[in-house]
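Below is a short briefing on a protein model.

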Amino acid sequence: MPEQKQLYLYNRAQLHEPGGGDPALLAFERQWIAGQLAEIPPADCPGDLAGLQQRLARLIAEEQRELPESAGYVGERMTLDEFRILVQEFAVDGLTEAQVFYYILPRLTLEAQMPMLRIMIDEFGSGNLKRAHTSLYLELLRELEMPTELAFYSERLEPESFAFVNLFFWLTLRADDPSYFAGAITYLETAIPVFFECYVQACRRLGIEAHAYYSEHQHIDAFHAIEGQRLLRAMQATDSLCPRKAWLGARLASAITAAAFEGAVGKARRLSRQGEAANPRATGTPGGHLRPAGQLPADNHGAACR
Ligand SMILES: [Fe+2]
Ligand SMILES: [Fe+2]
């Protein structure tokens, strides 16, 4: 039975050699996404762009009104060793940040490519390697005296942490409609400036100077949220937006990001209690699976958009 790690390693290989694929892994991915979609109430889906925008605003406002206890813990109490585990769990994303987004561009109409391209320019530091978001993550890893090789992290992440990255491979490479991606990216860019406050607070409290990965996202994602809205409108104007699928993409991003964050904070606290969080080099194998990958219910959102 494949797991998220095998799917992640397959996805990385696909970046260099797209096409084809392991049928068992792709079936695993289909089952995983179907299970996630099955948890979203179908009646909640919007029928037009205005309905999508209202639901997105409401979802984000609700989430920000009730930030999870884990976010407060990160901001106010998390120790430096625990913070290293949190940084470790998101390293496969930070070390390859936005690279898979290249694959969505040709799937968008030319008009919709423009806002996405403007987001990409920022992700890659406007062509300045030092400002690329991956470089900011590298600075953070170096200050925390953590390894900078991607392979190190591929060996010790939780399934939820791989799932966060794998969602973007599915959204960009295999989802049947780029609307899923458009909803997901607009949700994330809008939610991150507030959600990253706990990371910035932790860096300030713990005296971490390489906080730019988090503080830069707080700044730039406010602009990316506007680009996300432009992306949705450009897709609408070119008759390529399915509001229902965009909403499902946003809900997937919300659920999978929350699970990854909870999993990472939970792992940091668990290892800390066990006295193992002193140095990520010494944490060895990942902790127990927080959510075993079991049989997932069928997709109840299977109807084509148009
Ligand atoms: Fe970024
Ligand atoms: Fe962004």
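Which hand does the crossing of α12 and α13 have? The crossing is left-handed, meaning that the near helix is turned anticlockwise from the far one by less than a right angle. The model is predicted: local features need pLDDT of at least 70, side-chain atom pairs count only at pLDDT 80 or more, and totals for chains, interfaces and linings use all residues. Residues are numbered from 1 along each chain as its sequence is written, with chains lettered from A and ligands numbered from 1 in the order in which they are written.

**Fold**
- The protein chain has 14 helices and zero strands (DSSP runs, H or I of at least four residues for helices and E of at least two for strands, numbered from the N terminus).
- Of its 306 residues, 41% are buried (20 or more other C-beta atoms within 10 Å of the residue's own, C-beta atoms being placed from the backbone).

**Nonpolar core**
- The largest nonpolar core holds 78 residues, and L167, A184 and A246 have the most contacts inside it (a core is a set of buried Ala, Val, Leu, Ile, Met, Phe, Trp, Tyr and Cys residues joined through C-beta atoms within 7 Å).
- Helix α14 (residues 243-273) gives the most to this core, with 13 residues.

**Helix pair α12 and α13**
- The axes of α12 (residues 197-206) and α13 (residues 212-237) come within 9 Å and cross at roughly 140° (axes are lines fitted to C-alpha atoms over the stretch in contact, and angles run from 0 to 180 degrees between N-to-C directions).

Note on methods
A residue is buried if 20 or more other C-beta atoms lie within 10 Å of its own, exposed if 12 or fewer, and partly exposed in between; C-beta atoms are placed from the backbone.
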